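Biologist: I am new to this one. Can you take me through it, one question at a time?

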Amino acid sequence: MKKILLLLLLINIGCQSNSEGNNEKEDSEKFSRDLQDIKESGKLKALTIYSGTTYFLYKGRPMGFEYELLERMAKDLDVELEMVIAKDENDLIKLLQEGEGDLLAYGYTITEDRKRKINFTTPLYLSHQVLIQKKPENWRRMKLHEIKNQLVTNPIELINDTISVKRNSSYASRIKNLSSELGGPIIIDTLRGTLSTDKIIKKVVDGDIKFTIADENIAFINSSYYPILDISTSLSLSQRIGWAVRKRDTNLLSAVNQWLEKAKKTTDYHVIYNKYFKNKRLYKTRVVSEFYSLNENKISPYDDILKENAERIEWDWRLLASVAYQESQFKPNRDSWAGASGLMQIMPATARELGITDPYNPNQSLKAGATYLKQMLESHSNVKDSIQKIKFALGSYNSGLYHVKDAQKLAETQGLDPLIWDDNVELAMLDLSFPEHYNKSFIKYGYVRGEEPYNYVKEIFERLEHYKRFIDN
């Protein structure tokens with residue numbers, strides 16, 4: 001009887017185990033949005049987190065290793081790129097499986113546990129994990145061997161000590177494996193998943209935590225700014241770092257892999273890698289800037305003036321900031337080939353009309369730019385949708401009001417809506433680059449380089465989305 005009960009118990013445990021395994025498989029496959037769906041929607045949603053190497057804002061410009069690669073890949077796939085930000089790194093896989101993003105685009109260590117839940121791309125690069133610890137305060141006055149005597153130089157010295165890492169990170173897994181390999185416990189101090197690796201490393205610098213772990217390339221670039229850090233103690237062999245997709249999205253995986261394999265053979269790829277993981281000078285300049293989104297809630301030195309003038313035209317100030325960046329990259333002394341000047345690139349005739357005495361004065365330029373934009377908004381008063389009206393105003397600011405009016409006439413003859421910019425008048429603007437369209441009898445102002453206003457409006461609104469993610473209104 002006892003043997004029968006034991007057999008039934010084992011069968012029940014096995015069934016439960018299989019059920020749990022099936023549930024995990026079902027969880028990982030409950031959502032799919034493969035390449036065809038992405039192409040049809042026209043948008044690739046890249047799931048990532050903020051960090052000083054992945055995705056951030058600097059002097060009004062979105063940057064990051066992952067971001068720059070994603071931009072190029074989306075262009076090659078002929079889709080728009082949407083960055084989706086996870087507030088907590090521990091939620092990345094869950095958010096991917098639930099369909100919040102299509103591609104987990106973050107420097108993710110490829111592990112067996114993660115491979116059971118998601119499919120990794122071809123590795124972007126190899127790295128290994130290192131211990132990050134603080135040198136003695138007076139290390140500059142010490143000899144090298146004296147410094148080393150006060151540091152952990154062999155992982156075995158970590159037994160019964162504490163390392164601070166995020167719960168679901170590959171670093172936490174490494175600590176567990178290391179404890180087993182060394183035959184002694186290493187205590188894990190669990191940190192919030194909302195903390196970026198950069199901020200955790202800063203905690204070591206500030207003395208808030210004793211040790212943490214990071215991939216060597218991230219540790220290297222951080223230690224270039226914080227020379228008090230020691231990153232010389234390796235805790236792992238080389239590990240593969242990749243992006244990931246859902247299990248069912250095999251066509252997307254194939255497309256991303258093909259793109260990465262091709263990209264990794266280009267000089268451009270290595271220039272981007274070196275820019276974020278090797279260039280000490282650029283990193284040092286960035287991390288001390290008040291216009292670095294991981295430091296301050298600022299876009300430019302002109303934020304206060306932007307807010308004041310945006311209020312005059314009842315705009316989100318971040319939208320006006322995006323226009324100013326588009327015009328001059330926040331460089332008040334800039335001149336264009338066409339003769340426009342200043343932050344808002346005002347033409348001389350418009351400057352005289354608006355009473356500008358010094359086109360390089362940021363206050364005058366922004367005030368004039370806002371005034372001119374308001375005039376363009378009023379010129380499109382028959383456009384009722386507020387966002388569409390802004391797009392018409394921006395198109396007019398870039399190419400001239402009367403070229404936009406011509407495009408509206410052309411759009412109407414083409415069966416398009418003359419009061420909608422998106423996929424309607426913007427397409428007619430493109431057509432005005434060709435003689436068969438700009439030579440029509442009802443087109444009064446002729447040729448226009450249609451790609452300029454088309455891209456101008458799109459890029460301003462794309463940048464606005466980045467600003468909204470990083471900067472409070």
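Modeller: Gladly. Let us start with one residue. Asp423 has a relative accessible area of 51%. Bear in mind that the model is predicted.

Biologist: Why is Asp423 called exposed?

Modeller: Exposed means over 50% relative accessible area. Asp423 has 51%, so Asp423 counts as exposed.

Biologist: Where does Asp423 lie?

Modeller: Asp423 is in helix 19, which covers residues 421–431.

Biologist: What is the phi of Gln329?

Modeller: Gln329 has a positive phi too, of about 55°, and is not a glycine. Gln329 sits in the loop between helix 14 (317–328) and helix 15 (348–353).

Biologist: Why is Gln329 called partly exposed?

Modeller: Buried means under 20%, and exposed means over 50%. Gln329 has 26% relative accessibility, so Gln329 counts as partly exposed.

Biologist: Now Thr54. How do you know whether Thr54 is buried or exposed?

Modeller: The cut-off for buried is under 20%. The relative accessible area of Thr54 is 2%, so Thr54 is buried.

Biologist: Where is Thr54 found, and what is Thr54 in contact with?

Modeller: Thr54 is in the loop between strand 1 (43–48) and strand 2 (56–58). Leave aside the neighbours within four places in sequence. Thr54 is then in contact with residues including Thr48, Ile49, Met63, Phe65, Tyr67 and Tyr106.

Biologist: What makes these count as contacts?

Modeller: Contact means heavy atoms within 4.5 Å.

Biologist: And Gln133? Is Gln133 buried or exposed, and why?

Modeller: Gln133 has 3% relative accessibility. Buried means under 20%. Therefore Gln133 counts as buried. Gln133 lies in strand 8, residues 129–134.

Biologist: Which residues is Gln133 in contact with?

Modeller: Neighbours within four places in sequence are left aside. Among the contacts of Gln133 are Leu151, Val152, Val204, Phe211, Ile228 and Thr233.

Biologist: How far is Gln133 from Lys374?

Modeller: Their C-alpha atoms are separated by 55 Å, and the two residues are 241 apart along the chain.

Biologist: Let us step back. What does the whole chain contain?

Modeller: The chain has 21 helices and 13 strands. Its C-alpha atoms fill a box of roughly 95 × 70 × 40 Å along the principal axes. Of its 473 residues, 51% are buried.

Biologist: How is the chain divided into domains?

Modeller: Domain 1 takes 35–125 + 241–285, domain 2 takes 129–236, and domain 3 takes 302–470. The C-alpha centres of domain 1 and domain 3 are 32 Å apart. Their contact takes 13 residues from domain 1 and eight residues from domain 3.

Biologist: What does the UniProt annotation say?

Modeller: The unreviewed entry has "domain: Solute-binding protein family 3/N-terminal" over residues 48–280. That stretch is 37% helix and 25% strand, and its end C-alpha atoms are 24 Å apart.

Biologist: What about the charges and the surface?

Modeller: There are 67 positive and 66 negative side chains, with the centres of the two sets 5 Å apart. The chain exposes about 23,400 Å², and carbon and sulfur atoms supply 48% of that.

Technical notes: Residues are numbered from 1 along each chain as its sequence is written. This is a predicted model: local features need pLDDT of at least 70, side-chain atom pairs count only at pLDDT 80 or more; totals for chains, interfaces and linings use all residues. Side-chain values use heavy atoms; hydrogens and water are left out. Helices (H or I, at least four residues) and strands (E, at least two) are DSSP runs, numbered from the N terminus. Buried means under 20% relative accessible area, exposed over 50%, partly exposed in between (1.4 Å probe, protein chains only). Accessible areas come from the Shrake-Rupley method with a 1.4 Å probe; for residues, only the protein chains shown count as cover. Lys and Arg count as positive and Asp and Glu as negative; His and the chain ends are not counted. The place of a charge is taken as NZ of Lys, CZ of Arg, CG of Asp or CD of Glu. UniProt positions are given in the numbering used here, feature names are shortened, and annotations may be inferred rather than shown by experiment. Domain bounds come from an automatic or database domain assignment.
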